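Please look through the structure shown below before reading on. The report that follows takes up a side-chain contact, strand pairing and backbone angles.

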Amino acid sequence: MDADSDVALDILITNVVCVFRTRCHLNLRKIALEGANVIYKRDVGKVLMKLRKPRITATIWSSGKIICTGATSEEEAKFGARRLARSLQKLGFQVIFTDFKVVNVLAVCNMPFEIRLPEFTKNNRPHASYEPELHPAVCYRIKSLRATLQIFSTGIITVTGPNVKAVATAVEQIYPFVFESRKIL
């Protein structure tokens, strides 16, 4: 087994965060009274709306900016955002679906081996930081991809990046480094 051999790693996307605008002012009180699955947070000035299919939660501001979280793919995030815009149209708002953008993707990848974190940190010092007193994982940042990886000694890696492609590329880039610091049983 070497780092160059093709190993199939399952990358499980757990959350996709996206943003879009409606290009109209939204009356939060009307959404709270007439909308379904709604929580009105008047003190903060926002409404939380939940969709069951796809399972997403949207934070709606009166300015028309909406943040959707909870999707498991970029396509599902866009579909959920469009469904949300349609439900706002049904409430009587002149919604125009614009400026859709995926802003964050969170994924988990399980390596087929355990990792020696102190050795990994020492070998990758400028990019990796490990403070075992504060957090049980190594924080590894890839600035070119704008991705952050949390590497645990069990071999589990959580990846945060701007899109799915960046997340997959980050896992591909980190694999040889974690492979050379694997625990040999």
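In this predicted model, the side chain of histidine 135 makes a polar contact with the side chain of glutamine 150, at 3.1 Å. Histidine 135 sits in the loop between strand E7 (128-130) and strand E8 (138-142). If neighbours within four places in sequence are set aside, the residues in contact with histidine 135 are Tyr130, Gln150 and Phe152. Phenylalanine 152 is 17 residues away from histidine 135 along the chain, and their C-alpha atoms are separated by 9.7 Å.

Is histidine 135 buried or exposed, or does it fall in between? Its relative accessible area is 34%. Buried means under 20% and exposed means over 50%, so histidine 135 counts as partly exposed.

**Strand pairing**

Strand E5 (residues 65-71) is joined to strand E1 (residues 11-21) by 5 bridges, and the two run antiparallel. Within this pair, valine 16 stands opposite alanine 71 in E5. E5 is also joined to strand E4 (residues 56-61), by 4 bridges, and this pairing is antiparallel as well. Here alanine 58 stands opposite cysteine 68 in E5.

E4 and E5 form a hairpin, with 3 residues between them. Glycine 64 is in the turn of this hairpin and has a positive phi of about 105°.

**Backbone angles**

Most residues other than glycine have a negative phi, and most peptide bonds are trans. Which peptide bond is cis? The bond from lysine 53 to proline 54 is cis, with omega near -5°. Proline 54 is placed in the loop between strand E3 (46-51) and E4.

Arginine 23 is not a glycine, yet it has a positive phi of about 55°. Arginine 146, also a residue other than glycine, has a positive phi near 55°.

| Residue | Loop | Relative accessible area |
|---|---|---|
| Arginine 23 | between E1 and helix H1 (28-34) | 60% |
| Arginine 146 | between E8 and strand E9 (147-151) | 62% |

Why is arginine 23 classed as exposed? Exposed means over 50% relative accessible area, and arginine 23 has 60%, so it is classed as exposed. Arginine 146 has a relative accessible area of 62% and is therefore classed as exposed by that cut-off too.

Note on methods. Residues numbered from 1 in each chain as written. Predicted model: local features only at pLDDT ≥ 70, side-chain atom pairs only at ≥ 80, totals over all residues. Heavy atoms only, no water. Buried < 20%, exposed > 50% of the residue type's maximum accessible area, 1.4 Å probe, protein only. Contact = heavy atoms within 4.5 Å. Polar contact = N/O pair within 3.5 Å; in protein donor to acceptor, adjacent residues only side chain to side chain. Pairing = 2+ DSSP bridges.
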